[in-house]
Amino acid sequence: MTLKVTKVVGGYSQIPVLKEVTFDIKNGELVGLIGLNGAGKSTTINHIIGLLTPFKGQIEINGVTLAKDHDAYKKQIAYIPETPILYQELTLQEHLEMTMMAYDLEPNQAWEKAHRLLKMFRLDNKLDWFPDNFSKGMKQKVMIVCAFITDAPLFIIDEPFLGLDPIAVHDLLDLIEEQKHRGASVLMSTHVLDTAEKYCDRFVLLHDGQVKTEGSLPELRAALPDAGESLDDIYMSMTKAAQQ
Amino acid sequence: MTGLFNTRLKRHLKEMFKYLRLVFNDHFVFALLIMLGGLGLAYSNALKTLPRLPWWGAPTVIVVLIAILQLGSLATFLKDADVVFLMAKEGGMTDYLRYAKRYSLGLSAVVQVLGVFVLLPFIQVTVGLSGVAILVLTVTQLLLKDSWLEIDRLAKFRGFPGWQTNRFVWRLVIPTIILISGLYGTEWLALVLAVLQAGLLRVQGRHTRTQPLNWWAAIKTENNRMMRIYRFFNLFTTVPMLKGEVKRRRYLDFLLTRIKKTHSNAYLYLYSRGLIRSGEFSGLYFRLTLIGMVLLYFVHGTWLPIALAALFIYLIGFQLIPFYWQFDDIVFTHLYPIDDRQKAASFKKILATLLTVTSGLMLIVVAVVNFNWSVIAITAIVEAIEVIGISGYYLPLRLRKNR
């Protein structure tokens with residue numbers, strides 16, 4: 001069991017956005033976090049990566065909580081934010097070096113991985129550029145490279161497909177697949193439902209800060225027999241039912 | 001579009017007045033008055049010693065008038081988002097920019113007239129022009145400024161061949177020729193030429209309504225103009241809008257390669273690069289160190305240099321400390337499995353190094369100016385105590401308070 005979120009109540013101020021959110025991700029699993037804008041996806045992610053402290057409930061990664069061991073908890077997470085966040089003052093090469101230093105990676109091995117990823121995303125000739133001036137898609141690729149050179153057991157990926165070109169989308173999905181084989185877990189929030197349907201092992205459907213349903217596609221179909229076949233249908237009928 | 005320009009103008013003026021109030025505080029006004037008085041006195045004394053009609057009179061007047069001509073650029077108040085939100089209104093931008101030019105011309109006309117007014121006694125003594133001639137020259141100068149701003153307006157549109165909006169030609173070469181014709185020929189010739197230039201530019205600009213706007217260039221020019229204003233205000237007060245520019249500064253890489261790339265050095269790596277490449281803090285450090293050294297060069301005595309060196313080290317240390325939080329809005333700094341103690345230790349190292357360098361430079365100046373062993377020794381001791389005090393005791397205190 002990599003990630004275990006238990007009855008988390010939380011939010012930005014006193015008013016809770018999340019209401020007893022509970023789900024888990026097992027080793028080697030890709031779980032899709034699905035929900036409307038404002039459903040609480042990003043809030044959930046911010047709680048998991050430790051930017052917010054839950055009012056109630058507990059979040060564990062491989063048995064470690066943030067309170068128990070700060071560094072050990074954070075070392076297990078690789079995070080790709082929805083909007084790329086970069087250091088204005090660092091070049092692409094320095095972003096990679098910064099990541100290697102921060103996560104204490106062995107430089108030779110990490111650079112070997114980095115070169116492969118840079119080539120894959122056609123960034124290998126831009127090592128001395130400031131990525132802050134890149135286009136949205138290229139910035140996103142920098143974030144992906146930085147995340148995937150770590151050997152983190154848990155990847156948190158927030159809406160990864162927007163701005164990426166079709167080749168990069170496939171490369172990213174391949175990379176996720178690779179990490180799953182290694183035994184790493186991935187939590188991915190997305191609105192691109194047909195891609196999610198194809199690649200995710202399980203889904204957590206969030207609505208209004210609550211987990212509405214959770215499970216694999218067959219399980220969701222069984223839980224909502226009238227909703228339809230695809231994830232899109234199930235999701236639409238679920239939100240409609242919730243709004244009524 | 002008039003409405004839009006006027007709202008923006010109002011907001012701009014409100015902001016400027018807010019800053020001007022901060023700049024022109026009582027002490028500063030007092031110092032300024034004394035300085036202006038002194039300058040005025042020096043100017044009037046200098047005028048008395050000038051020879052009548054020297055050969056260099058006219059060239060000097062031309063150079064000064066051309067310099068004054070360059071003051072004040074076209075204020076358009078364009079914003080980054082305009083490229084999206086005003087896209088459909090591109091045709092209306094001709095009117096918008098006309099209003100912008102009218103406002104800018106009004107503002108710079110005051111500057112031009114003031115400039116000519118200050119120069120007036122000098123012109124009378126060295127060139128010997130009559131009152132009417134000076135009046136004609138003033139009108140010429142205003143027309144030249146009008147053309148100067150018109151070039152700025154036309155440059156906002158695409159579709160002019162390069163020479164038609166060449167700033168060097170229209171703002172420097174042609175005005176110089178016109179002023180030469182006025183001071184060596186007759187002032188009326190200069191007036192006619194200036195009217196011709198302004199007319200020519202009007203003809204050139206009559207189709208701008210159907211010409212596409214060069215949005216990015218126009219917005220960039222306006223942003224740079226505002227940055228210049230903010231940078232000036234930043235000398236007196238903190239300006240939140242001032243976002244530093246990042247420069248690569250490859251020639252300083254030799255300083256950075258000394259830092260070993262290990263886990264414990266992660267923040268040292270980040271802070272050192274941030275400091276060297278962002279303008280804000282490195283500029284502050286560089287400026288204050290330089291000013292301190294220049295002041296120390298002119299100061300003699302026993303205790304004054306010591307006090308001054310101590311003051312500058314304190315000022316620099318005090319103002320550099322906020323750099324500790326520079327990267328806090330980058331989410332990854334909160335995700336790295338790095339202890340905050342390591343971050344603080346790295347920052348302490350950076351701060352101590354910078355202050356030691358400043359101390360060393362100031363000590364050299366003190367030693368060169370006052371060659372007295374006891375002064376040098378006491379300065380060195382005071383500086384050492386201060387550097388240790390700021391980085392070892394004051395810094396942890398501030399960090400604890402701000403947590």
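A:Glu229 sits out in the open, counting as exposed at 55% relative accessibility. In this predicted model, the partner of A:Glu229 is A:Arg221, and their side chains meet in a salt bridge with N to O at 3.9 Å. A:Arg221 is partly exposed, with a relative accessible area of 28%. A second pair in chain A, A:Glu177 and A:Lys180, also forms a salt bridge, again with the closest N and O atoms 3.9 Å apart. These two residues are about one helical turn from each other, because they lie three residues apart in helix α6 of chain A. A:Glu177 counts as partly exposed at 34% relative accessibility, whereas A:Lys180 counts as buried, since its 13% falls under the 20% cut-off. Over in chain B, B:Arg341 pairs up with B:Asp339, the closest N and O atoms being 2.8 Å apart. Here B:Arg341 counts as exposed at 66% relative accessibility, and B:Asp339 is partly exposed with a relative accessible area of 27%. Over all chains, the structure holds 31 salt bridges.

Next comes the way chain A is put together. Contact between them involves 20 residues of domain 1 of chain A and 16 residues of domain 2 of chain A. The two domains of chain A bury about 1400 Å² between them, with 61% of that on carbon and sulfur atoms. On the domain 1 side of chain A, the residues that lose the most area to domain 2 are A:Lys75, A:Phe155 and A:Leu175, which together make up 30% of what that side buries.

Charged and polar pairs turn up at this domain interface as well. Three salt bridges cross between domain 1 and domain 2 of chain A, and five residue pairs are in polar contact, both residues being at pLDDT 80 or more. As for the elements involved, α2 (70-75), β6 (154-158) and α6 (166-182) of chain A each give two or more residues to the side of domain 1 that touches domain 2. Helix α6(A) gives the most to that side, with eight residues. By class, the domain 1 side of chain A that touches domain 2 has eleven nonpolar, two polar and seven charged residues. A separate salt bridge worth a look joins A:Arg122 to A:Asp165, with the closest N and O atoms 3.5 Å apart.

Then there is the interface between the chains. Chain B puts 29 residues into the contact and chain A puts in 24. Together, chain B and chain A bury about 2600 Å², 65% of it on carbon and sulfur atoms. B:Leu335, B:Tyr336 and B:Pro337 supply 24% of the area that chain B buries against chain A, more than any other three residues.

Five salt bridges span the interface of chain B and chain A, and eleven residue pairs there are in polar contact, both at pLDDT 80 or more. On the side of chain B that touches chain A, α11 (266-277) and α14 (332-335) of chain B each supply at least two residues. Helix α11(B) gives the most to that side, with six. The residues on this side of chain B divide into twelve nonpolar, nine polar and eight charged. One salt bridge links B:Arg248 with A:Asp128, the closest N and O atoms being 3.3 Å apart. Both of those residues belong to a network of salt bridges that also takes in A:Glu94, B:Arg250, B:Asp253, B:Arg273 and B:Arg277.

Conventions
Residues numbered from 1 in each chain as written. Chains lettered and ligands numbered in written order. Predicted model: local features only at pLDDT ≥ 70, side-chain atom pairs only at ≥ 80, totals over all residues. Heavy atoms only, no water. Contact = heavy atoms within 4.5 Å. Buried area = accessible area lost by both parts, 1.4 Å probe. Salt bridge = Lys/Arg side-chain N within 4 Å of Asp/Glu carboxyl O. Polar contact = N/O pair within 3.5 Å; in protein donor to acceptor, adjacent residues only side chain to side chain. Helix = DSSP H or I, 4+ residues; strand = E, 2+ residues; numbered from the N terminus. Nonpolar A, V, L, I, M, F, W, Y, C, P; charged D, E, K, R; others polar. Buried < 20%, exposed > 50% of the residue type's maximum accessible area, 1.4 Å probe, protein only.
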